[in-house]
Amino acid sequence: MNRRYFLSATGLTTSGLLLGAFTPSLKQKNVKDIRETFSIVKNEISIYTKANVKPTRIFHITDTHLSLDDERGLKYQKFSQRMSGAYKDNVHFQSKKIYSTKESFEWTLQRAKEENSDFLALTGDIFSFPSLASIEWALNKLKETGIPFAFVAGNHDWHYEGMKGSSKQLRDIWTEKHLKPMYQGNNPLFASYDVNRVQFVCIDNSTYEIMPEQLDFFRKKVNSGIPIILMLHIPLYMPGKSMLYGCANPEWGEKADKNYDIEGREKWRKGGHTKVTFDFYNEVFRAKNLLTILAGHSHQSALDVKDGIPQVVSAHNATGYYSDIRISTL
Ligand SMILES: [Fe+2]
């Protein structure tokens, strides 16, 4: 990653941004500009909006990379081998003690309970591969908190490395076979969870790409005028950032794909992104009722602002990291 463009990594510095000043003057039918201010201190974020919302506190959790397994996963072992060895010992982002991914996830949920969080926003790679042991364990832990949650997949959640098939096919297969309960009856590819007059809109971009039905869904949510928090796994393209910011990145494609062999998957698309993915990108940064984007994937905390819209990337929850976000009316 080019550090000159990296606004802030671990240990995010204090910053306050007046977002209204950057908002473009593009006309959007019946949608009012609802952004007021956005502030960040370490892992605590405050969002003030002109819209009428009930004060809401959410925990953004991403990239825990759980790799529990049992006898049901034996037949997939050769596909889970590399990732099951990853993220074994993690330096906790606060105590600096060594935590397993399981301990980090439990610790974070406990914090969310203690702080009376209203909602848990999970933006993918909660699992390093789709083992039933991990999924069942995490679901139980989430249910035990009694806090509503939404989950959108990351590129590892549905991936057993080296299995044949396109990313889209494998995502469909493993969502149906194992991950389905994480979506609580909602569409895994696009869904919206309403919390205190804020809509948490989940769009699965774990293949880096956006599909037409996802764009349509997002448009409807924008046109409702209700405040949106957009949940994605792969951060949206930001000039100067690495290919980890790969969704709608104009450089993304076959030639830029360096890890397909290690990760045992098909190469990225020849010819780069589709028009639909670029259209989605443009419409996201025109949405006047979008308060922030939440993403993961890079495992490093960062904040980028484009056209007055912040994109928060939280560090990996394998280290216990979470973003503690408060939304209020000014
Ligand atoms: Fe990850």
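Two strands pair if DSSP finds at least two bridges between them. Keep that in mind as you work through these exercises on a predicted model.

**Exercise 1. How many bridges join strand S3 to strand S15, and do the two run parallel or antiparallel?**

Step 1: Find strand S3 at residues 44-49 and strand S15 at residues 323-329.
Step 2: Count the bridges: six join S3 to S15. Pairing needs at least two, so S3 and S15, with six, are a pair.
Step 3: Check the direction: S3 and S15 run parallel.
Step 4: Now turn to strand S4 (residues 56-61), which five bridges join to S15. S4 and S15 run antiparallel, and Ile58 stands opposite Ile325 in S15.

**Exercise 2. In the open sheet of six strands, which strands stand at the edges, and why is one side of each left without a neighbour?**

Step 1: Write down the strand order, S9-S10-S11-S12-S14-S13; the pairing is mixed.
Step 2: Read off the edges, which are S9 (190-195) and S13 (302-306). Each has a single partner strand, so one side of each has no neighbour in the sheet.
Step 3: Compare the directions of neighbouring strands: ignoring which way they run, they are turned by 20° against each other on average.
Step 4: Five bridges join S13 to strand S14 (residues 309-313), and the two run antiparallel. Here Leu303 stands opposite Val312 in S14.

**Exercise 3. Does the span of helix H3 agree or disagree with 1.5 Å a residue, and which residues of H3 are buried?**

Step 1: Take the 14 residues of H3 (residues 132-145), which should span 20 Å. The end C-alpha atoms are 20 Å apart, so the two agree.
Step 2: List the buried residues of H3: Ser134, Ile135, Ala138 and Leu142.
Step 3: Find what the buried residues pack against: helix H2 (101-114), strand S7 (119-122), strand S8 (149-151) and helix H4 (167-179).
Step 4: Finish just after H3, where Gly146 takes a positive phi of about 75°.

Key
Residues numbered from 1 in each chain as written. Predicted model: local features only at pLDDT ≥ 70, side-chain atom pairs only at ≥ 80, totals over all residues. Helix = DSSP H or I, 4+ residues; strand = E, 2+ residues; numbered from the N terminus. Axes fitted to C-alpha atoms, helices over the stretch in contact; angles between N-to-C directions. Expected span 1.5 Å × (residues − 1). Buried ≥ 20, exposed ≤ 12 C-beta atoms within 10 Å, placed from the backbone. Contact = placed C-beta atoms within 7 Å.
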